[in-house]
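Visitor: Hi, I'm new to this one and would like a quick tour. Could you show it to me?
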Amino acid sequence: MRISIWPGAGQPWSDILETARHAEETGWDGVWVADHFMPNAGPGRDTRHPTLEAGSLVAALGAAIPRVRIGTLVYGNTYRHPAVVANMAATVDHVTGGRFTLGVGAGWQVNEHEQYGIELPPTKQLLDRFVEALQVIHGLLRQPTTTLTGEYYQLTDAVCEPKPVQDPLPIMIGAKGEKRMLGVVAEYADMWNTWGLPDLIAHKSAVLDRFCAERGRDPKSIARTAQALTVVNGPLPEGLPVPAIGGSPAKLADAIAEYRAAGLDELIVPDGFLGSGAEKLKAMDTVLGLLRG
């Protein structure tokens, strides 16, 4: 099972770079960057907190960090035209020498759309648009030219050159919905990502397997990735909006073993509860040691 770090984009660039460099130097497999422009609105959340932009970060990290894979977790489709995303991805793949993973999702964060005047359509329309966007991205990254006459996107003999270094550049889809989205993953993804504890990952992975069977696709061709907030020492905070693991090295080791048993290919560790400075780097070493041990 691979292990990657997810440095929050709400910290200074110097801290993100230090985290990524430490991951590269100590044997982590990847660095992921979330695509948001501000914190999600909610109780006690200051949406004015500075947040660095994901596309710029992955390009900068790709140039500064020589070994690990770099990826987006995940680009929101509503924020950029998919043809622009395809060109961005191909460029970052050249910057990294073929180490980029393009993570994409349908888009969801309400306050970003409201503040910037970006349309956030109803769910069916949102997902229909996302499927068309995947067709655009697949075509531009993997075919000489792309023509699409869709409801949301129209391309005519469109090119994206240079093509990525990787053939193909892996596309990861962030998805949790069992009625439709995991079917989209089965159709278009090389990798799948979601938040979840091991039992949930095992359940949704089985659902994804069934969608693959319906499409005649080998389920092993889709890598499974997941994340949970990670605490190395100290109690797990209460009332968190997303899953959390750890609280002690022993409990964290148990969670890692459960993810491995569930067939997870890559565990992504957000750095939000790992501390800062030397404390964070020490916590990263502990997490890596538990996984490698």
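Visitor: Which helix gives the most to the lining of the largest cavity?
Guide: Helix 5 does, with 4 residues in the lining. Please keep in mind that this is a predicted model.

Visitor: Which residues line the largest cavity?
Guide: The lining consists of Tyr75, Gly76, Asn77, Val85, Val104, Phe130, Ala133, Leu134 and Ile137. At least two lining residues come from strand 4, which covers 75–76, and at least two from helix 5.

Visitor: How many nonpolar, polar and charged residues has that lining by class?
Guide: The lining has 7 nonpolar residues and 2 polar ones, with no charged residues.

Visitor: And what volume does the largest cavity have?
Guide: Its volume is about 50 Å³. The count of cavities of 30 Å³ or more comes to 1.

Visitor: Back to helix 5. At what angle do helix 5 and helix 6 pack?
Guide: Helix 5, residues 123–142, and helix 6, residues 181–188, pack at an angle of about 10°, and their axes are 12 Å apart.

Visitor: So what does that make them, roughly parallel or roughly antiparallel?
Guide: Angles under 35 degrees count as roughly parallel, so helix 5 and helix 6 are roughly parallel to each other.

Visitor: Which residues make the contact?
Guide: From helix 5 there are Leu127, Phe130, Val131, Leu134, Gln135 and His138, and helix 6 brings Met181, Val184 and Tyr188. By class, this contact has 7 nonpolar and 2 polar residues, and no charged ones. Phe130 and Leu134 are also among the residues that line the largest cavity.

Visitor: Changing topic: where is Pro162?
Guide: Pro162 sits in the loop between strand 7 (154–158) and strand 8 (171–174). A cis peptide bond joins Glu161 to Pro162, with omega about 0°.

Visitor: What about the peptide bond from Asp167 to Pro168, cis or trans?
Guide: That bond is cis, and its omega is near 5°. Pro168 is likewise placed in the loop between strand 7 and strand 8.

Visitor: While we're there, what is phi of Asp157?
Guide: Phi of Asp157 is near 45°, a positive value in a residue other than glycine. Asp157 belongs to strand 7.

Visitor: One last thing. Which feature does UniProt place at residues 3–232?
Guide: The UniProt record, an unreviewed entry, gives "domain: Luciferase-like" for residues 3–232. Over those residues the chain is 40% helix and 20% strand.

Key:
Residues are numbered from 1 along each chain as its sequence is written. This is a predicted model: local features need pLDDT of at least 70, side-chain atom pairs count only at pLDDT 80 or more; totals for chains, interfaces and linings use all residues. Side-chain values use heavy atoms; hydrogens and water are left out. Axes are lines fitted to C-alpha atoms, for helices over the stretch in contact, and angles run from 0 to 180 degrees between N-to-C directions. Angles under 35 degrees count as roughly parallel, over 145 as roughly antiparallel, 65 to 115 as roughly perpendicular and the rest as oblique. Contact means heavy atoms within 4.5 Å. Ala, Val, Leu, Ile, Met, Phe, Trp, Tyr, Cys and Pro count as nonpolar, Asp, Glu, Lys and Arg as charged, and the others, Gly among them, as polar. UniProt positions are given in the numbering used here, feature names are shortened, and annotations may be inferred rather than shown by experiment. On a 1 Å grid over the protein atoms alone, a cavity is a set of points where a 1.4 Å probe fits but cannot get out, and a pocket is an open set with protein on both sides within 12 Å along at least five of seven lines; lining residues have an atom within 4 Å of a point. Grid points are joined across faces, edges and corners, and a volume is the space filled by probe spheres set on the points.
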